[in-house]
Amino acid sequence: MKKILLVCSLLCSILIFGQEKSGAKQFWENLQKQCGKSFEGEVKEGAANDTFRDKKLVMHIRNCDENTIRIPFFVGEDKSRTWVLSYKNDRIQLKHDHRHEDGSEDKVTQYGGTTSNSGSSTLQFFPADQQTCDLIPNAAANVWWITLDETSFTYNLRRIGSDRLFTVKFDITKTVPTPSAPWGWKD
């Protein structure tokens, strides 16, 4: 009887722990809850001459499906940037989609990286991938990270071995009016 109880106990604990969601999955689901919403942000870290500082910064979690979330990031009237997050095999990939006003791709686009582990429900790190190293050799030491909690979404970039650090923080407790489509998209 003791052996049966022990086996049942082990099976129950395996089932309980086996059903826990990974950090990446929890992060993904929490971000998807914000789909369709727009938020204003501000630069928290960056160069003193950063041209973003005097512009209105808006992110719009515009498009969400099971494995892709697209987040246009507007800097004033510049609608060239979209963060593209993809979820696959319990990892999240971040790519930067840059477009010209006519919708064509910029020559520097689709750079980023994939998480090396499942991360946490509030933090995901994206070291530069090989495509990024080939496209922008100086960005080989880039690490991006996104934090997400009940009150904020932050996008961060650090170039390891340099003073380069950029952080923009969005208050997700206050939505702002939904902007028009980014360059290359249709409403």
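This is a predicted model: local features need pLDDT of at least 70, side-chain atom pairs count only at pLDDT 80 or more; totals for chains, interfaces and linings use all residues.

Student: What volume does the largest pocket have?
Tutor: About 460 Å³. Its lining has 20 residues, and the closest to the centre are Phe 52, Tyr 111, Tyr 155, Leu 157 and Arg 164.

Student: Which strands supply at least two residues each of that lining?
Tutor: S5 (78–88), S6 (91–98), S9 (142–148), S10 (152–159) and S11 (165–175). S10 gives the most, with three residues.

Student: And by class, what is the lining of the largest pocket?
Tutor: There are 12 nonpolar residues, four polar and four charged.

Student: How much space lies in the second largest pocket?
Tutor: About 150 Å³. The residues lining the second largest pocket are Asn 30, Lys 33, Gln 34, Ser 121, Thr 122, Leu 148, Asp 149, Glu 150 and Ile 172. By class, that makes two nonpolar, four polar and three charged.

Student: Switching to helix H2, which of its residues are buried?
Tutor: H2 spans residues 23–32, and Gly 23, Ala 24, Phe 27, Trp 28 and Leu 31 are buried there.

Student: Where do those buried residues fall, seen down the axis of H2?
Tutor: Within an arc of 130°, so they line one face of the helix.

Student: What do the buried residues of H2 pack against?
Tutor: Against strands S4 (68–75), S5, S6, S8 (123–127), S9 and S10. Of these, S5, S6, S9 and S10 also each supply at least two residues to the lining of the largest pocket.

Terms used
Residues are numbered from 1 along each chain as its sequence is written. Side-chain values use heavy atoms; hydrogens and water are left out. On a 1 Å grid over the protein atoms alone, a cavity is a set of points where a 1.4 Å probe fits but cannot get out, and a pocket is an open set with protein on both sides within 12 Å along at least five of seven lines; lining residues have an atom within 4 Å of a point. Grid points are joined across faces, edges and corners, and a volume is the space filled by probe spheres set on the points. Helices (H or I, at least four residues) and strands (E, at least two) are DSSP runs, numbered from the N terminus. Ala, Val, Leu, Ile, Met, Phe, Trp, Tyr, Cys and Pro count as nonpolar, Asp, Glu, Lys and Arg as charged, and the others, Gly among them, as polar. Buried means under 20% relative accessible area, exposed over 50%, partly exposed in between (1.4 Å probe, protein chains only). The arc is that of the directions from the helix axis to the C-beta atoms. Contact means heavy atoms within 4.5 Å.
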